[in-house]
Amino acid sequence: MTAPSVVPAPPEAPNALFELLQRLGDDRLVLGHRLSEWCGHGPILEEDIALANIALDLIGEATMLLRLAGQVEGQGRDEDALAYLREAVDFRNCRMVELPNGDFGFTIARQFLFDVYSVVLLDALTHSAHEELAAIAAKALKEARYHVRHSGDWMLKLGDGTEESHRRVQRALDELWRFTPELFATDDIDHAMRQANIAPDLGVLHEQWEALVRDVIDRATLTLPHDVPSAPGVRGGRQGFHTEHLGHLLAEMQIVARSHPGAKW
Amino acid sequence: MPQTRAPGSTEDPAMTAAFEARIAAGESIEPKDWMPERYRRQLVRMMSQHAHSEVVGMLPEANWITRAPSLRRKVGLLAKVQDEAGHGLYIYCGAETLGVDRAELVQQLLDGRAKYSSIFNYPTLSWADIGVIGWLVDGAAIVNQTVLAKASYGPYARAMIRICKEENFHKRQGYEIVSTLAAGTPAQKAMVQDAVNRWWWPSLMMFGPSDTESPNSAELLRWKVKRKSNDELRQRFVNLTVPQAIAVALTLPDPALRHDEATDAWISGPIDWDEFHEVVRGNGPCNRERLQARRAAHDEGTWVREAASAYAARQRAKQATAAA
């Protein structure tokens with residue numbers, strides 16, 4: 001592992017592919033970490049197992065993506081150096097995944113919104129001009145399809161379950177909705193990656209995503225919040241502009257690794 | 001479903017004799033077979049305690065999932081704790097073959113009426129505890145469970161065979177963490193030695209009191225639910241583990257520990273059974289925390305379970321209407 005990046009980034013354009021891989025990897029690392037917090041505390045033993053399974057998939061995907069990111073960067077950083085020795089402002093995940101778990105309804109609603117995003121994005125990435133990324137996307141897509149079945153199923157159960165479960169999951173959806181435009185907001189990195197046929201047009205994905213989300217939301221007797229703030233120009237997690245929660249998550253995640261510089265585990 | 005009898009009724013001595021003869025012949029008892037009520041109750045007690053231990057045992061290790069020091073270790077630990085949830089589920093299902101309900105067994109745990117392995121009432125204080133638990137606690141569990149895999153009750157024995165395979169993997173993973181730390185920086189070495197010092201004696205206590213003190217042992221041995229005495233199993237564990245400690249240059253916190261040339265056995269010093277009994281009585285360092293965590297998960301999950309039942313009922317009603 002190398003030292004944390006405390007030096008300001010050089011003024012020249014960042015390595016777009018490195019940025020893209022961090023965005024993909026960090027989403028999965030941070031969400032996998034959040035899901036792992038449920039282990040031992042789920043509402044039913046079967047859910048301890050299911051949520052741990054999904055967390056394992058996500059952290060496994062993050063490992064592959066961050067390893068590739070480190071190779072692309074070419075500065076000798078491996079996946080652990082990126083996971084454990086970057087500061088919060090260097091992380092590139094969307095903000096939705098770093099929010100605290102809340103109740104089971106919040107965790108499921110977030111998971112559902114992310115899983116649908118993951119399926120449409122990974123499906124497109126299997127056609128990436130970058131062969132290694134396409135291969136990782138193909139593997140991750142199989143997992144994401146399983147994940148969305150799980151979270152979609154729970155959206156139906158909670159939405160169309162009891163009055164209380166309906167109220168809780170609707171509240172979660174309302175709370176989460178303002179974080180969804182960030183998933184599809186584009187910047188110079190996205191344009192560069194699209195030009196190179198490495199990543200898809202996020203605008204097109206947004207429509208696919210919304211249609212799939214709307215279908216389940218309707219069947220779950222829930223209401224899609226409609227006051228979506230417009231995304232352009234909004235700085236978010238992709239640019240390192242996070243919520244205050246990420247720093248605390250990383251403080252916990254990185255404490256042992258950072259307390260023993262250079263140690264092997 | 002086993003037969004139930006009115007309280008106070010006696011079992012047919014001929015059936016009991018036939019049952020004992022089957023046990024003596026080494027036959028496996030299956031859920032539909034007749035069994036003495038005492039046998040059934042002992043198995044429900046043992047299997048539910050075992051399942052509770054798996055579930056409560058998730059907590060001390062889950063405490064370190066979010067702080068695991070590398071992605072590989074994070075995945076390894078999360079997978080291990082997930083395995084324990086699976087073991088718990090599997091053994092609860094096995095206990096249900098004896099005519100009890102999982103929800104009732106869980107309620108007994110939450111009410112504090114059911115026991116679980118006392119080892120999980122100790123805290124995990126450093127990352128090294130994760131390695132040492134895998135090595136010592138899973139190691140001790142394997143010694144116990146390898147013998148339980150030959151238990152007379154078929155569903156329990158089969159559960160143990162499957163679970164032992166995974167526990168062996170956990171033990172190897174734990175020992176690998178321990179040996180990595182033992183070969184690491186001075187701080188890592190100190191961390192792992194401290195963890196061994198804290199976990200060694202509670203691990204030896206996992207086998208339970210000496211058989212002369214153990215109220216259930218004689219009957220369980222006769223019925224071949226247990227196949228070896230607590231002391232025999234403890235000795236087997238010590239013999240296996242001491243050379244493993246020596247191999248990674250760790251010391252065990254027992255000044256009386258010695259090698260007996262005649263029997264080629266490692267003889268440990270006296271165990272502090274007062275500590276054991278205190279922890280069993282609920283006065284261990286984390287008894288309250290463990291039960292509180294289980295109760296919180298159960299209580300906070302109530303609305304989720306209710307929603308799932310309501311949804312399932314509605315789906316069934318819809319299907320019935322569609323079929324009519």
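Predicted model: local features only at pLDDT ≥ 70, side-chain atom pairs only at ≥ 80, totals over all residues.
A residue is called exposed here when its relative accessible area is over 50%, buried when that area is under 20%, and partly exposed in between. With 52% relative accessible area, B:Arg41 is therefore exposed.

B:Arg41 takes part in a salt bridge with B:Glu37, where the closest N and O atoms lie 3.4 Å apart. Side chains of opposite charge can pair when their charged atoms come close.

A:Glu164 and A:Arg168 meet through their side chains in a salt bridge of 2.9 Å, N to O. Helix α6 (residues 163-176) of chain A holds both, and their spacing of 4 residues there means that about one helical turn lies between them. A:Glu164 has 26% relative accessibility, so it counts as partly exposed. In another chain A pair, the side chains of A:Arg77 and A:Glu73 form a salt bridge at 2.7 Å, N to O, and here both residues are buried. Chain B also contains a network of salt bridges that links B:Glu61, B:Lys80, B:Glu84 and B:Asp138. Over all chains, the whole structure has 39 salt bridges.

Between chain B and chain A, the count of salt bridges is 2. One salt bridge joining these chains brings together the side chains of B:Arg314 and A:Asp160 at 2.8 Å, N to O. On the chain B side, at least two residues each are supplied by α3 (58-62), α4 (71-96), α7 (154-182), α8 (186-205), α12 (287-300) and α13 (302-323). Of these, α4(B) gives the largest share, 13 residues. By type, the residues of chain B that touch chain A comprise 28 nonpolar, 9 polar and 9 charged.

The extent of this contact can be described in two further ways. Counted by residues, chain A and chain B contribute 46 residues each. The size of an interface is often given as the accessible area lost when the parts come together. For chain B and chain A, the buried area is about 3900 Å², and carbon and sulfur atoms give 70% of it.

Nonpolar residues also gather in a core. In soluble globular proteins, nonpolar side chains tend to be buried together. The largest nonpolar core in the model has 178 residues, among which A:Met155, B:Tyr39 and B:Trp127 touch the most other members. Setting aside residues up to four places away in sequence, B:Tyr39 touches B:Phe19, B:Ile23, B:Ile29, B:Ser152, B:Tyr153, B:Trp223 and B:Val225.

A:Asp103 occupies the loop between α3 (79-85) and α4 (104-125) of chain A. Its side chain makes a polar contact of 3.0 Å with the side chain of A:Arg168, the residue that also pairs with A:Glu164. The A:Asp103 side chain likewise reaches the backbone nitrogen of A:Gly105 at 3.0 Å. Beyond four places in sequence, A:Asp103 touches A:Trp38, A:Arg168, A:Arg171 and, from chain B, B:Trp303. A:Asp187 lies in the loop between α7 (181-184) and α8 (188-195) of chain A, and at 17% relative accessibility it counts as buried. A polar contact of 2.9 Å connects its side chain to that of A:Gln239. Apart from neighbours within four places in sequence, A:Asp187 is in contact with A:Arg23 and A:Gln239.

Two loop residues of chain B deserve a look for their backbone angles. Most residues other than glycine have a negative phi, and most peptide bonds are trans. B:Ala249, however, has a positive phi of about 60 degrees. This alanine is found in the loop between α10 (230-247) and β1 (258-260) of chain B and is exposed, with a relative accessible area of 67%. B:Asp264 likewise has a positive phi, near 55 degrees. B:Asp264 lies in the loop between β1 and β2 (265-267) of chain B, and its relative accessibility of 54% makes it exposed.

Conventions. Residues numbered from 1 in each chain as written. Chains lettered and ligands numbered in written order. Heavy atoms only, no water. Contact = heavy atoms within 4.5 Å. Buried area = accessible area lost by both parts, 1.4 Å probe. Salt bridge = Lys/Arg side-chain N within 4 Å of Asp/Glu carboxyl O. Nonpolar A, V, L, I, M, F, W, Y, C, P; charged D, E, K, R; others polar. Core = buried A, V, L, I, M, F, W, Y, C linked by side-chain atoms within 4.5 Å. Buried < 20%, exposed > 50% of the residue type's maximum accessible area, 1.4 Å probe, protein only. Polar contact = N/O pair within 3.5 Å; in protein donor to acceptor, adjacent residues only side chain to side chain.
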